[in-house]
Amino acid sequence: MKVGKDLMAASAAPLVLAILTEGESYGYAIVRRVRELSDGEIEWTDGLLYPLLHRLEDGGHVRSRWGASDTGRKRRYYEITDAGRGELAEHRRQWAAVVAALRTAWGDAAEAASVATMRPGVAL
Amino acid sequence: MSAPGGASGPTVRPDVEAEITRWRAYLDARGAVAPADADELEDHLRGQVEDLMASGLSDEEAFLVAVKRLGSQDEVAREFARQHSKRLWRQLVLDGGPRTPGRWGAVPGMLGFAVAAALATRAPSLVLDAGDDAARYVLLSVTLVLGVVAGFLAWRRASRAAGIAAAVATVAGAALTLAYPFDATDDTVVLALLHLPIALWLVVGFAYAGGRWRSRAARLDFIRFTGEWVIYVALIAAGGGVLVGVTLAVFRGLGIDAEPIVSAWVVPFGAGGATVVAAWLVEAKQEVLESIAPVLTRVFAPLATLALAAMLVAAVATGGFQESREVLIAVDVLLVVVLGLVLYSISALEPTSPAGWTDRLQLALVVAALALDAFALAAIAGRIGDAGSTPNRIAALGLNLVLLVNLAATAWLYGVRLARRGTLEPLLRWQTAYVPVYGAWALVVAVALPPLFAFA
């Protein structure tokens with residue numbers, strides 16, 4: 001199973017922000033962390049992470065600086081801002097609401113389904 | 001890099017290295033991805049290649065997988081383009097744009113306003129005589145035309161507040177023009193003619209922002225709009241001028257003197273209509289100038305810097321300005337040009353873009369302009385006392401002060417940006433916050449100075 005495109009797009013910003021709360025990071029490491037966290041279920045098109053990071057930066061949710069990797073390559077590091085933490089908290093509230101609603105709906109549906117399959121049995 | 005210290009990460013063979021270079025060149029050639037963004041993507045690609053090689057893949061395989069994972073360049077470049085190039089414009093268009101074209105046809109509506117603006121140029125002839133009262137006649141024409149432009153933008157934005165502001169400003173401007181007892185030869189009417197349009201232009205800006213005049217993004221867009229509108233008007237004027245010249249020549253060849261009709265009707269109508277058409281073109285054909293305007297700035301900023309450097313050398317060599325009357329006005333105009341280049345340059349850059357040679361050049365330009373202004377002010381300082389204050393002098397000095405404050409702060413902010421490698425944010429904040437100052441000063445000169453000097 002792979003996570004669908006729309007869901008991936010919707011969850012990208014909160015995931016990136018959450019990963020950055022673990023500390024300053026850079027693009028490739030963020031992608032690697034996403035794979036780790038999702039056991040490979042979330043497969044981003046890696047290149048699309050950068051426009052997202054820049055969008056977050058324009059919105060003031062992350063800050064970036066240029067540094068160097070261990071091997072001396074130019075590398076851009078990202079860090080979450082206070083505004084970003086606020087944004088992340090808001091994401092969490094919204095996702096919690098969605099997940100709770102889905103859970104309730106699926107719980108009821110499962111019950112309804114089991115009831116529906118049992119009834120004929122009772123009637124017979 | 002082909003000189004690994006052996007620190008970490010396996011190295012790739014030269015032919016794979018060449019592949020990476022080719023991939024990078026291909027990405028750069030697209031234009032949509034800025035070099036810094038491309039650096040970032042390359043770092044990502046190399047990081048992925050190293051990881052894959054560490055897990056046992058050959059360098060060639062690792063490169064192929066890494067490129068695949070990074071996504072097609074098309075897709076990535078498109079995302080970057082969406083994110084960057086048209087940022088604020090697009091937001092505004094997406095916010096308020098889509099419904100406007102549907103309002104009984106964007107083009108017929110625009111043409112209606114263009115005709116109204118054309119008629120507005122001749123409307124003063126109902127109350128004023130173009131010959132005896134030329135300055136007031138022009139002042140009233142300009143007021144009415146700008147009122148129509150503001151009305152057009154208010155209509156485009158479907159903003160009631162903007163419509164009311166446009167109407168009130170037009171009526172107030174017209175009332176002032178008619179109520180003030182200007183004489184055709186007065187200095188104050190010329191000053192009003194130069195300053196009232198600036199105040200009215202900010203009303204145009206209010207309409208442009210759809211009433212959201214406090215929004216920094218909207219102000220910045222209005223600055224861009226102003227620059228692009230000027231370019232469109234200049235282009236239309238150039239084309240119109242050629243057409244008028246050819247028409248006159250042909251009619252003359254036919255033995256008909258078309259000049260009176262052309263200068264009394266055709267040229268004013270054309271000029272009036274052009275203001276609305278240009279305002280419409282700036283938005284409708286956004287892509288056309290969006291890329292030209294920054295190029296123009298880049299061409300003219302170095303030229304202006306060179307010209308200013310030459311003027312400075314001349315000022316030092318000759319020991320400063322001699323004639324003080326025209327000097328201040330000339331320097332004021334120069335400062336306006338410099339400010340225009342600064343505004344255009346910063347409005348074309350990404351807010352987060354790193355400081356570079358453009359910033360150094362702009363800083364040099366602004367500092368040179370300030371130094372020249374110091375020469376001009378020094379030449380005048382001695383004479384203000386003995387010559388007394390005239391409306392012209394107050395207007396010129398006030399404008400100089402307005403520009404001086406802006407440019408001094410601009411130079412300071414450029415310096416800070418270059419020293420700390422900061423973002424463009426402080427400069428953008430300063431310039432957008434300063435916009436109302438121009439309108440306020442223009443209003444003072446147009447409204448308060450004439451009565452203070454008894455309409456001299």
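**Note on the predicted two-chain model**

1. Chain A has 124 residues, of which 23% count as buried. The structure is a predicted model, and every remark below should be read as a description of that model. Among the contacts within chain A that link residues at least 6 apart in sequence, 52% join residues at least 24 apart.

2. The secondary structure of chain A consists of four helices and three strands, and from the N terminus onward its elements follow the order α-β-α-α-β-β-α. The strands form an open sheet with the order S1-S3-S2 and antiparallel pairing. Strand S1 (25-26) and strand S2 (62-68) of chain A are the edge strands, each of them pairing on one side only.

3. The pairings of this sheet can be followed bridge by bridge. S1(A) and S3(A) run antiparallel and are joined by two bridges, and A:Ser25 has A:Tyr78 as its bridge partner in S3(A). Between S2(A) and S3(A), which also run antiparallel, there are seven bridges, and here A:Arg63 has A:Glu79 as its bridge partner in S3(A). The hairpin made by S2(A) and S3(A) leaves five residues between the strands, and in this hairpin A:Gly72 adopts a positive phi near 90°.

4. Two helices of chain A lie across strands of the sheet. Helix H1 (residues 5-20) lies across S1, S2 and S3 of chain A and runs at about 95° to S3(A). H3(A) lies across S2 and S3 of chain A, with a direction at about 125° to S2(A).

5. One loop position may be worth a look in the viewer. A:Gly40 sits in the loop between H2 and H3 of chain A. Is A:Gly40 buried or exposed? A:Gly40 counts as exposed, because it has 10 C-beta neighbours inside 10 Å, and the cut-off for that class is 12 or fewer. A:Gly40 and A:Val3 are separated by 37 residues in sequence, while their C-alpha atoms are 9.7 Å apart in space.

6. At the interface, 20 residues of chain A are in contact with 23 residues of chain B. On the side of chain A that touches chain B, helix H2 (27-37), helix H3 (49-58) and strand S3 (74-80) each supply at least two residues. H3(A) gives the most to this side, with six residues, and H3(A) is also the helix that lies across S2 and S3 of chain A. By residue class, the side of chain A that touches chain B divides into four nonpolar, seven polar and nine charged residues.

7. In chain B, helix H10 (residues 216-253) and helix H11 (residues 259-284) pack at an angle of about 150°, and their axes are 9 Å apart. H10(B) is therefore roughly antiparallel to H11(B), since the class covers angles over 145 degrees. The crossing of these two helices, H10(B) and H11(B), is right-handed.

8. The contact between H10(B) and H11(B) can also be described by its residues. H10(B) contributes residues including B:Phe225, B:Trp229, B:Tyr232, B:Ile236 and B:Gly240, while those of H11(B) include B:Val262, B:Val266, B:Gly270, B:Ala274 and B:Leu281. The residues of this contact divide into 17 nonpolar, three polar and two charged; B:Glu228 in H10(B) and B:Glu259 in H11(B) are among the residues that meet there. For the side of chain A that touches chain B, the division was four nonpolar, seven polar and nine charged.

Terms used:
Residues numbered from 1 in each chain as written. Chains lettered and ligands numbered in written order. Predicted model: local features only at pLDDT ≥ 70, side-chain atom pairs only at ≥ 80, totals over all residues. Axes fitted to C-alpha atoms, helices over the stretch in contact; angles between N-to-C directions. Parallel < 35°, antiparallel > 145°, perpendicular 65-115°, else oblique. Left-handed = near helix turned anticlockwise from the far one by under 90°. Contact = placed C-beta atoms within 7 Å. Nonpolar A, V, L, I, M, F, W, Y, C, P; charged D, E, K, R; others polar. Pairing = 2+ DSSP bridges. Buried ≥ 20, exposed ≤ 12 C-beta atoms within 10 Å, placed from the backbone.
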